[in-house]
Each structure stands twice: as C-alpha cells, then as structure tokens.
Amino acid sequence: MPITGWFFVFAALALILGSLFMLRDSASNMRIPEDKLEKIRKRKAELEADENTKDQW
C-alpha cells in the first residue's frame, strides 16, 4: 500500500479515537439543573402512581 493510503488509514483512526475520547470527557460534564430534576421526579411519581392504579384493575 502506498504511503498515502497509510496516511488516510492513520488519519481515520486518529479521528475516530479523538471523537471517542472527546465524547468520554464530555459525558460526565452534563449537569441537570435542580428545578428540572424536581420536575422529572414529580413526573416519574405521577407515572408510577398511574401504573399502580391501572394494575389494580
């Protein structure tokens, strides 16, 4: 394989690995505001209560 082919193979690998490392580093930085967390918890409780009432029938 010519040098250009190897260059493209290494460039593609570098892009893939760089993207994966960036994704890993940014995954832990996602913070949800407290008001949205409270809204999520309330909605989850409503859905669980609704499921419990449907299961009783």
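## Salt bridges at a glance

There are five salt bridges in this structure, which is a predicted model. Let's walk through some of them.

## The Arg41 network

Start with Arg41, which belongs to a salt-bridge network along with Glu34 and Glu38. In its pairing with Glu34, the closest N and O atoms are 3.6 Å apart. Arg41 also forms a salt bridge with Glu38, this time at 3.9 Å from N to O.

Where do Arg41 and Glu38 lie? Both are in helix α2, which covers residues 34-56, and they sit three residues apart, or about one turn of the helix.

How open to the outside are these residues? Glu34 has 52% relative accessibility, so it counts as exposed, because the cut-off for that is over 50%. Arg41 comes in at 46% and is partly exposed. Glu38 is partly exposed too, with a relative accessible area of 36%.

## The Lys54 and Asp50 pair

Helix α2 also holds Lys54 and Asp50, whose side chains meet in a salt bridge with an N to O distance of 3.6 Å. What separates Lys54 and Asp50 along the helix? They are four residues apart, which is about one turn.

As for accessibility, Lys54 is exposed, with a relative accessible area of 57%.

Key
Residues are numbered from 1 along each chain as its sequence is written. This is a predicted model: local features need pLDDT of at least 70, side-chain atom pairs count only at pLDDT 80 or more; totals for chains, interfaces and linings use all residues. Side-chain values use heavy atoms; hydrogens and water are left out. A salt bridge is a side-chain nitrogen of Lys or Arg within 4 Å of a carboxyl oxygen of Asp or Glu. Buried means under 20% relative accessible area, exposed over 50%, partly exposed in between (1.4 Å probe, protein chains only). Helices (H or I, at least four residues) and strands (E, at least two) are DSSP runs, numbered from the N terminus.
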